[in-house]
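Reader: I have a two-chain model open on my screen and would like to learn how to read it. Could you walk me through it, feature by feature?

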Amino acid sequence: MSEILRIIGNGEDLDDREVPDGLAEKDLVELFRGLVLLRTFDERAVALQRQGRIGTYALYWGEEATQAGALYACEDGDWVFPSYRQNAIGILRGVAPSTVLAWWRGYGGTHGFWNPRDHRVGPICVPIATHLPHAVGVSWAAKIRKDRASALTWFGDGATSEGDFHEAMNFASVFKTSTVFFCVNNQWAISTPISRQMASETIAQKAVAYGMPGVRVDGFDPLACWKVTRDALERGRDGGGPTLIEAYCYRIMPHGTADDPRLYRDESETERWKKLEPVGRMGSFLRRLTILDDTKEEEIRAEAKETIAQAVRDMEAIAHPGQEILFEHVYRSGRPWNFDEALDELGSVERPAEVKPLGPPTSPGAGAEGKTQ
Amino acid sequence: MTEPSVALATKANMVEALNRGLHEAMAADDRVVVLGEDVAKTGGVFRVTAGLLDRFGEERVVDTPLAEAGIVGTAIGMAVYGLLPVVEIQFDSFVYPGFEQIAVHAARYAWRTKGEVPASIVIRIPYGGGVRMPELHSDSPEALFVHTPGLKVVCPSTPQDARAMIVAAIQDPDPVIFMEPKRIYRAGRQELPDEPALGDGNGTGTKHLSTARRAREGDDLAIFSYGATVPLVLDAAERLSLELGVEALVVDLRTLYPLDVEAITGAAAHCGRALVVHEAPRSAGIGAEVSSLIHERVMLDLEAPVGRVTGYDAPFPQFANEDDYLPSVDRIFAGAKKVLDF
């Protein structure tokens, strides 16, 4: 099986390798900026959930390299399809962070959704692996239209057990679409370890069955994630077909704000992985290259903090959506007659009190978030 | 064998009419693509897509791997990119592996994208029994889709409507489940007009996907049906006329979601008695919805409760018993008599 590609060392026993061709100094800073913005969003979202200002939230803390690194390898015309674990990826492409926060606050319509064609970012996909065929369809359509666009889609190790993963891989290889299957192998699907998802040695080896390359990369290394994604996209654009990337890492955080990993795993293992997390690692690497210093890093962090603070203000400025939102945009061709009747019925009685996000559990391990403080 | 005359060639059965509609839609708009199992080289197991490959090429007419979630899912991706995919599901029950893609994505894409990016796909499903097929080639799953907000569900019963409705479904921005009654695919031929148009001239464009059709006029009993049972209802109506002197008004629903509520309540109120006929199972079927609409809106115009003649709440049988399961002219006649005798 292929080795795990790693570029950034740890400043101790693991050496740094050469920065890959195609990344200038300003790219490295931009990439770091993306990592920090994603990290800031994630940490703020967890705090908002704890304060009862958004609902249950799926964390991605530690997986920023798989997101920002891969996205930085994409051209503007390439499409990306996130799962909920990459819920904020759109903010690196122009989607308003307040829109993503509003989605987690339980808002729909124009508040919580975006037009995928505006930034070539698919909607947040909740059901596992079902967005993979969409990425194949987009890249297939681009091929039919003789366009240059490729599509990249992220999913987890658990998703490789789903039929849609296999059907998407198979369609992509049969029709030689320019699709990048980016699997974030964080080794946990809520409480289910990778050993219960599969008996295969690696996820990358599943590519063999579909006649496409399967590569492994350090999922905590943004430069390595960039490199394998860039190679896969170039191959796809040259007519070489799809690639499966396995980004090997670890889910450092709980699955979501309602999850308590102490119930099912040894958290001392988590601490070991946490030392490899990508934001600190990239920051140290840039310092070793003397591209980054305290002043510059502080500036980048302050900028991210303000962007997300503004997003929180924007989210909270959204008025509770009216009842008509239930029936908006269900049909592009217009509202069926029964929608008007439903609205009349809704309007004939007093409106229920505004639904607020639920607060945190009363104690660690309390489980469902139904218990508020 | 003699060559058909030009005049004869304009007459088409439902397969040929659908085929003509697909040719017309693909010629009119190069974003239209056709995907499915065996749709290209063989032209589909029922030959509905015959000739498309030769005319439009292998990029637009595609034999896919045997995987319905993959077919529907990639079609959704194509629609997101801007194409207009038409998917063939080979037989009714084969749609179940694709159901998740239909229910959680096709039906919700417009809603999930501020109405900007509907999944503009047509999913054609040859459905229903009466053709002596092995297990799971005879289901009528339309109610599953009617119960899935975001979809339109239509079902023609004549060649002329089939052609007009497939063209309209492809033009419609919303995802359309296009139920094709395979039992009457080749049941009869009809003269097709120059342009795709509904048999009753009722509306144009997307109106083709929202109106019911009066298939027979009458004053005594309104009978509602769609798809393969419409010809049976018309036969039963003739028998009601001959034997009982009862004139049934027959409404071909044509569109199952959204239902043509005015046509339904108008016909029921006019006759004062109503019956719904379909071959899908009874519970929570289209008949239940039509019956409720009538009772909610025009109950005071009724002389009797709305009756139903349907398939049963049992698995579609092995075909040796399918005629016991399917609504027959006798069962429709008996069901009508029950409503009339109330």
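Reader: What radius of gyration does chain B have, and what would a compact globule have?

Author: The radius of gyration is taken over C-alpha atoms, and the globule rule is 2.2 Å times the number of residues to the power 0.38. For the 342 residues of chain B that rule gives a value near 20 Å, and chain B has 20 Å, which agrees with a compact globule. Chain A, with 373 residues, has 21 Å, in agreement with the 21 Å or so of a compact globule. Along the principal axes, the C-alpha trace of chain B spans about 60 × 55 × 40 Å, and the C-alpha atoms of chain A fill a box of roughly 70 × 50 × 40 Å.

Reader: Before we go on, what kind of model is this?

Author: This is a predicted model, in which local features need pLDDT of at least 70 and side-chain atom pairs count only at pLDDT 80 or more, while totals for chains, interfaces and linings use all residues; side-chain values use heavy atoms, with hydrogens and water left out. Residues are numbered from 1 along each chain as its sequence is written, and chains are lettered from A and ligands numbered from 1 in the order in which they are written.

Reader: What pLDDT do the chains average?

Author: pLDDT is the predictor's confidence in each residue, from 0 to 100. Chain B averages 95, and 95% of its residues score at least 70. Chain A averages 94, with 96% of the residues at 70 or above.

Reader: Where does pLDDT stay under 50?

Author: In chain B, that happens over residues 1–8, for which the model has one contact (heavy atoms within 4.5 Å) beyond four places in sequence. In chain A, residues 362–373 stay under 50, and the model has 25 such contacts for them. Where pLDDT is low, the predicted coordinates should not be read in detail.

Reader: How many of the residues are buried?

Author: Buried means under 20% relative accessible area, exposed over 50%, and partly exposed in between (1.4 Å probe, protein chains only). By that reading, 61% of the residues of chain B count as buried, and 57% of those in chain A.

Reader: Which helix of chain A is largely enclosed by the rest of the structure?

Author: Look at helix α3, residues 97–104 of chain A: eight of its eight residues are buried, so the helix is largely enclosed. Among them are A:Trp103 and A:Trp104. The buried residues of α3(A) pack against α1 (25–50), α4 (109–112) and α13 (294–316) of chain A. Just after α3(A) comes A:Gly106, with a positive phi of about 95°.

Reader: Is A:His134 buried or exposed, and what does it touch?

Author: A:His134 is buried, with a relative accessible area of 1%, and lies in helix α6 (residues 132–144) of chain A. Not counting residues up to four places away in sequence, A:His134 touches A:Phe81 and several residues of chain B, including B:Gly73, B:Gln101, B:His105 and B:Tyr109.

Reader: And A:Val180, where is that?

Author: A:Val180 sits in strand β4 (residues 179–185) of chain A and counts as buried at 1% relative accessibility. Setting aside neighbours within four places in sequence, its contacts include A:Leu152, A:Ala232, A:Leu233 and A:Ile245.

Notes
Helix = DSSP H or I, 4+ residues; strand = E, 2+ residues; numbered from the N terminus.
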